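Here are some comments for a colleague who wants to go through the helix packing and a few side chains with the coordinates open.

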Amino acid sequence: MTSKRENQYRQLGLTIAYYRKLRGLTQLQLAESANLSRTHISNLEAPNMPTSISLEKLFDISDILDVPIAKLFEFRE
């Protein structure tokens with residue numbers, strides 16, 4: 001994986017964490033709603049662990065967080 005791609009995964013995870021916290025959800029609540037493990041959500045959100053996710057699950061997370069999917073890719077610098 002290139003460093004550019006690693007940065008994009010990191011930014012995606014941080015964005016998911018931002019919206020999750022904004023909605024008042026724990027990692028466990030999001031994981032259960034998305035039918036994922038809490039560890040997977042934790043790995044997604046961890047800035048030093050570029051972790052992949054399927055598009056299907058990403059759409060599920062978008063729906064659960066009530067955020068348009070495009071917002072998850074609006075990375076903050």
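1. Helices H2 and H4 cross in a right-handed sense. This is a predicted model, and the crossing should be read with that in mind.

2. Two packed helices are described by the angle between their axes and the distance between the axes. For H2 (residues 27-34) and H4 (residues 55-65), the axes come within 9 Å and cross at roughly 120 degrees, which means that H2 is oblique to H4.

3. On the H2 side, the residues that meet the other helix are Leu30, Ser33 and Ala34, and their counterparts in H4 are Lys57, Asp60, Ile61, Ile64 and Leu65. Sorted by class, this contact of H2 with H4 comprises five nonpolar, one polar and two charged residues.

4. A polar atom of the Arg20 side chain lies 2.8 Å from the backbone oxygen of Leu25. Leaving aside residues up to four places away in sequence, Arg20 touches Leu25, Thr26, Gln27, Leu30, Glu45 and Leu65; among them, Leu30 and Leu65 also take part in the contact of H2 with H4.

5. Tyr19 is likewise placed in helix H1 and, at 10% relative accessibility, counts as buried. With residues up to four places away in sequence again left out, Tyr19 touches Leu65, Val67, Lys71, Leu72 and Arg76. From Tyr19 to Ser52 the C-alpha to C-alpha distance is 18 Å, for a separation of 33 residues in sequence.

Key. Residues are numbered from 1 along each chain as its sequence is written. This is a predicted model: local features need pLDDT of at least 70, side-chain atom pairs count only at pLDDT 80 or more; totals for chains, interfaces and linings use all residues. Side-chain values use heavy atoms; hydrogens and water are left out. Axes are lines fitted to C-alpha atoms, for helices over the stretch in contact, and angles run from 0 to 180 degrees between N-to-C directions. Helices (H or I, at least four residues) and strands (E, at least two) are DSSP runs, numbered from the N terminus. Angles under 35 degrees count as roughly parallel, over 145 as roughly antiparallel, 65 to 115 as roughly perpendicular and the rest as oblique. A crossing is left-handed if the near helix is turned anticlockwise from the far one by less than a right angle, and right-handed if clockwise. Contact means heavy atoms within 4.5 Å. Ala, Val, Leu, Ile, Met, Phe, Trp, Tyr, Cys and Pro count as nonpolar, Asp, Glu, Lys and Arg as charged, and the others, Gly among them, as polar. A polar contact is a pair of N or O atoms within 3.5 Å; within protein, one must be able to donate a hydrogen and the other to accept it, and residues adjacent in sequence count only if both atoms are side-chain atoms. Buried means under 20% relative accessible area, exposed over 50%, partly exposed in between (1.4 Å probe, protein chains only).
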